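Please read the points below with the model open beside them. They run from the whole chain down to single residues.

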Amino acid sequence: MTPWLTVVGIGEDGFAGLGKAARRALLGAAHIVGAERQLALLPRCIRGERHTWSSPFSLEPVLARRGAPLCVLASGDPMFYGVGASLARELPAAELHVLPAPSSPSLAAARLGWALQDCATLSLVARPLAALNRHLHPGARLLVLSEDGDSPARVAALLRERSFGPSRLSVLEHLGGPAERRLDGLAADWTAPRVADLNLLAIDCRTDAAARPLPATCGLPDEAYRHDGQLTKRDVRAITLARLAPLPGELLWDVGAGCGSIGIEWLRAHPQCRAIAVEADEDRQAHIRHNRDALGVPALQLVAGAAPAALDGLPAPDAVFIGGGVTVPGVLETCWQRLKPGGRLLANAVTLQSEARLIDWHARHGGELLRIGIAQARPLGSFDTWRQALPITLLCVCKPAEADATHA
């Protein structure tokens, strides 16, 4: 198939910075779609009819012309947080011809002398600022696409709040064009006025001397969470996450989520992981909202309600964790029924009644039962002794794949 749609990446240097193929495509195009700023970069010799994107943004004007030759303009590399990636989700690759220009992270890395493969690149465009939190580690280098001219100041404030005040910031405006400019400073004393809306923020992450950054592994310190006591404790949480075994793109239901710790650490395992926290208590819902932002996973979806009713209409999960409510009629059954074939179900029990429920489920569905007992050394007079925490019974069971279930 001959591609009918050509997506041309254009930089701040405009038409003069394009390669021959991109120039030829634009010169021959009958219709060109782009942002007003991008279309203004084209010279008068481009005769094609120019169309600006609709507001609110929609791909429909392009898709409605499917099959007719058309050019779309995009900033830099169209496949990097750009319209090219959006179009590729709607159209087969054979219908697209993408001609990229250097992306703003590529240009920024060249200006800074940073190895691009060693940098984390992320976008704040139409995304919550809290998503930055999960990327903050000493020594990390971040290239951040700003939402607008106020983004650098907002990021600097966040870094100060998270004990990353010594971090070095570089704002690069209008990269690759005649108006390119660079501002440098520290997050601790960032006072730069509002910068150009078209900017990229580079962050060389440094922490205060007394700071204790969070680890990248599961099993975050208990004090990292705001909670009312309904918290899966650190060591049990690490064991539980290891058994849940998150994979990129998989969806977790965290049922009876408490303060949201299991769903949060599932999401921190990989950027493409997804999770839904189901919690009926309003105060705990507030803890979940706070914790998901503070720990950098604002994408955690919160469902306010009690299982099993609150599970109606939710997308089928790849894994389920039941931290509370296993004795509630229908909770285990609904979770098991909705779980995808081959998915994992884990449930924790502390009371005799909930443990009996898990033992009965194990007898009928198999899987593994684990007893987790953790003791910590505590003072006893002038000596020390072991203080045993309440033992936890953990049920781990995998749902048979459809073929296995049919065979059974």
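1. Basis. The model is predicted, with local features needing pLDDT of at least 70 and side-chain atom pairs counted only at pLDDT 80 or more, while totals for chains, interfaces and linings use all residues. Residues are numbered from 1 along each chain as its sequence is written, and side-chain values use heavy atoms, with hydrogens and water left out.

2. Overall chain. The chain has 12 helices and 19 strands; helices (H or I, at least four residues) and strands (E, at least two) are DSSP runs numbered from the N terminus. Along the principal axes, its C-alpha atoms fill a box of roughly 85 × 60 × 35 Å. Of the 408 residues, 45% count as buried, where buried means under 20% relative accessible area, exposed over 50%, and partly exposed in between (1.4 Å probe, protein chains only). Among contacts (heavy atoms within 4.5 Å) with a separation of 6 or more, 65% join residues 24 or more positions apart.

3. Record annotation. An unreviewed UniProt entry lists residues 5-186 as "domain: Tetrapyrrole methylase". UniProt positions are given in the numbering used here, feature names are shortened, and annotations may be inferred rather than shown by experiment. Over residues 5-186 the chain is 24% helix and 25% strand, and the end C-alpha atoms lie 44 Å apart.

4. Nonpolar cores. A nonpolar core is a set of buried Ala, Val, Leu, Ile, Met, Phe, Trp, Tyr and Cys residues joined through side-chain atoms within 4.5 Å. The largest has 29 residues, and those with the most contacts inside it are Tyr 225, Leu 244, Leu 252, Trp 266, Leu 267 and Leu 300. At least two residues of this core come from each of α7 (234-244), α8 (261-268), β12 (274-279), β14 (319-322), β16 (368-372) and β19 (392-398). The most, 4 residues, come from α8. A second, separate core of 25 residues includes Val 303, Ala 307, Val 331 and Leu 332.

5. Helix α8. How many residues of α8 are buried? The count is 8 of 8. Its cover includes α7, β11, β12, α9 (282-294), β14 and β15 (344-349). Glu 265 and Arg 268 are among the buried residues of α8, as is Trp 266. Beyond four places in sequence, Trp 266 touches residues including Leu 241, Leu 244, Leu 252, Cys 273 and Arg 344.

6. Val 255. This residue is in strand β11 and counts as buried because its relative accessibility is 1%. Leaving out residues up to four places away in sequence, its contacts include Val 278, Ala 307, Val 320, Phe 321, Val 331 and Cys 335.

7. Arg 338. Helix α10 (residues 331-338) holds Arg 338, which counts as partly exposed at 24% relative accessibility. Its contacts outside four places in sequence include Trp 253, Leu 311, Asp 312 and Pro 317. Arg 338 and Asp 312 are 26 residues apart along the chain, with their C-alpha atoms separated by 9.6 Å.

8. Backbone points to check. Most residues other than glycine have a negative phi, and most peptide bonds are trans. The bond from Ser 55 to Pro 56 is cis, with omega near 0°, and Pro 56 is in the loop between β3 (49-52) and α3 (60-63). The bond from Ala 307 to Pro 308 is also cis, with omega near 10°; Pro 308 is in the loop between β13 (301-304) and β14. Phi is positive at Ser 163, near 70°, and at Ala 245, near 50°. Ser 163 is in the loop between α6 (151-161) and β8 (168-173), and Ala 245 is in the loop between α7 and β11 (251-255).
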